[in-house]
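Hello,

Here is the structure I promised to pass on. My notes follow below it.

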Amino acid sequence: MTAATDTDEARRRADQRAAELRAYRDDGPIARALGQLARGQLPPLAPALVAAVLTVVALSLGAGIGELAALLAPVSLLLLAGPSSTHPHGGRLDWLVPPLIRAIEYGYLAVLGFALNVPEPLVYTLLAVLVYHHYDTVYRTRQGLWPPEWVFQAGLGWDGRMLIAALAAVLDVTTPVYAALALYLGVLFGWESVRTWVETDRRTGKGAEIDLEEEAGA
Amino acid sequence: MTFVVLATEPGDPTAELDFSAGTTLLDRLLGQLAAIKVADVRVVARPRAAEVLRKNGADARGLTVVESADVAGDLLEIGRIARAKGEITLAHADLVVSDELLARLARDKGTTAITAKQPVTGTRPAVRISGRRVVSAGSRFHQVTDPDGVFRGLLKVVESQALADVCERLTMLVDMLPEVEPVRVLGKERARNLDVFVDTTARDELDKSVSQHRVLGTTAPDEPDTLALVLVGLVRSGVRVAARNVDDLVCERALTPEQAAAAREAVEAIDEDKVRLNAAVKADDGWFTTYFVSTYSRYIARWAAKRGLTPNAVTCISMGTAAIAALWFAEGTRLGLVLGAVLLYFAFVFDCVDGQVARYTRQYSTLGAWLDATFDRGKEYLAYAGLAVGYGATHSGDVWGLACAVIILQTCRHMVDFSFAVHKGSIPPAPIRELPLDVPDDSLLDPAPASRHAAPRKGLGMLAVRFSAALERVPGARWGKKIIILPIGERFALIALTAAFFDARVTFLALLAWGGLAAAYTLSGRILRSLA
């Protein structure tokens, strides 16, 4: 192996990591636009941590003094975590960012839904739809079946989904909006994913042994 | 794929020894290769062997015979074939190998040598293995320091360009290389002052004990082993060669009729079906899965395979069972909870069985992998929903909030696993140290004296790494480390047991407590490791 192939290999691995972590982040159109503005210069971890703290504060306040504080959470998260969407995520702890964004998004949608008396099974259903999409993204990238760009756009991203939920809270239409989101995203993610997998199976048929499950130790 | 067999022993080809009445060793190998659909078989043979093979009807057996007068000629021919054909597998023509081992090698994706962790006999090429990779390989001209296994004469090469280059260089070198002692011992004690210590008495003792063993003592070739040279060349030029252990299977050369008979006996003594079935059980499963499912799930897998059930059908049975379990959970009564718990356990058993059927019958598919992984999540999250509905139906309060907390925690824990795996995968593996082919020993691979005397690395991260390594040595700690992260088997068991004996609230609180502990443990460990 020469030094040149070594750096090529290192670059290839870094590109792969950036692409996968970006897919795991599941940024929507707005976060991506902010990311374009920042040109990948803004490191992702510290802003995401601040956003997590702000979300917790906003939600604990928001339950008491009305919905405006709740609206602040997605906006602050968007402004903090959005611009880092184009960052290569090469820092030693940058792998924490996608799970952090997931925790904020799920936690926000759940707490907001419960605070505004959305039927609880509906909150659970919406979470299940999102969870399906995020697992599916991982399983697919592992097999090189990247979800097409339009799925991330149409799926609205964490930014879009949280903003819609917050607006619904301000306009006092949370329940119908949660129902509409669950239905729309469920059909979108489910249909697109099942179609892709069935088609891939028909095209490739029997393959090598694949293990998509992973529960590694520390 | 091209298969190259070497008939390079002087005199009559050992490949034509009888394996059983009317079938020679080579016939058997050719039959095995035909069974795994290898059509292109070439024999590199000494002139005398080539003559015999042609007389025995090489064309009728679909063989291409290439004559070669000496080791340099063998290397030249192998290099030519590699350059022309790409991926090739190399073996001795007198090799007796289990079907299962050939099948496993055929599925290996990278360059792989069949090895055995056993004392070096002095007649078989020595290898040192580390992290499932051949780190150093030996031949008549190349010494191995502290070997811990031998090469068994079967080698699959994917990097065919590297192989062709290696063969070219070795062709020019091989006649000038001096013979060396095959083994150099650099035990931990002696490593301190780096004295080169060659222990021939120990080797002779080993040879004696091994030669008394019927099967182990079978190999004593007269010629320098061309295959061993090829392996040395690949390993020393920086190709990653995986070491596949023979396990309970057979991979032996037979050089005399007695050895052929012994090898046949060894092959027939093995129940390959049983070996395959045992290998179908994942090796690194959790504690609950290992002791409460894997002890018998393989027999269900075999039964299912015999009935012609596909892995995907078993996955669907598992999903269906879990769905019925969730319906019973949704009843909320004691009977419902107990029945749901039992059904959930069996859903998990079938979840293990589907992968075993796939590995046992070698039916891997993209859709199957996805179905298995997705339905696993589906089963679990459906059970949570069922439990929450059931609790609401029988109690005044409800537990949907807890159910949401559990699904969020569990998904985020998985996302940490996935993200960390991406991070780990992006760190390039340590480069393989290359060694010149004309240096007899491999002392360049010895640990550098400076690093051994350097102060140990400090910091919290290294402390965590050391602590984790120290834990490995405590008996039972291996299971402890697995159980604490609440793997899927433990999770299903926890759901089933708490639901059957208590109620959904206890289930969710237990999942949150244990899952929270697991998250804290894995996160802190991984953060420290990332910083180390």
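Two strands count as paired if DSSP finds at least two bridges between them. Helices (H or I, at least four residues) and strands (E, at least two) are DSSP runs, numbered from the N terminus. This is a predicted model: local features need pLDDT of at least 70, side-chain atom pairs count only at pLDDT 80 or more, and totals for chains, interfaces and linings use all residues. Residues are numbered from 1 along each chain as its sequence is written, with chains lettered from A and ligands numbered from 1 in the order in which they are written.

**Strand E6(B)**

Strand E1 (residues 2–7) of chain B pairs with E6(B) in the parallel sense, over five bridges. There, Phe3(B) has Thr89(B) as its bridge partner. E6(B) also runs antiparallel to strand E12 (residues 149–157) of chain B, joined by four bridges. On that side, Thr89(B) is partnered by Lys156(B).

Buried means that 20 or more other C-beta atoms, placed from the backbone, lie within 10 Å of the residue's own. Five of the five residues of E6(B) (residues 88–92) are buried, so the strand is largely enclosed by the rest of the structure. Ile88(B), Leu90(B) and His92(B) point one way, Thr89(B) and Ala91(B) the other.

**Where the chains meet**

Residues are in contact if their C-beta atoms, placed from the backbone, lie within 7 Å. The contact takes 52 residues from chain A and 49 from chain B. Helices H15 (366–394), H16 (400–425), H19 (477–484) and H21 (504–531) of chain B each supply at least two residues of chain B's side. H16(B) gives the largest share, 17 residues.

Best wishes

How values were computed: Contact = placed C-beta atoms within 7 Å. Buried ≥ 20, exposed ≤ 12 C-beta atoms within 10 Å, placed from the backbone.
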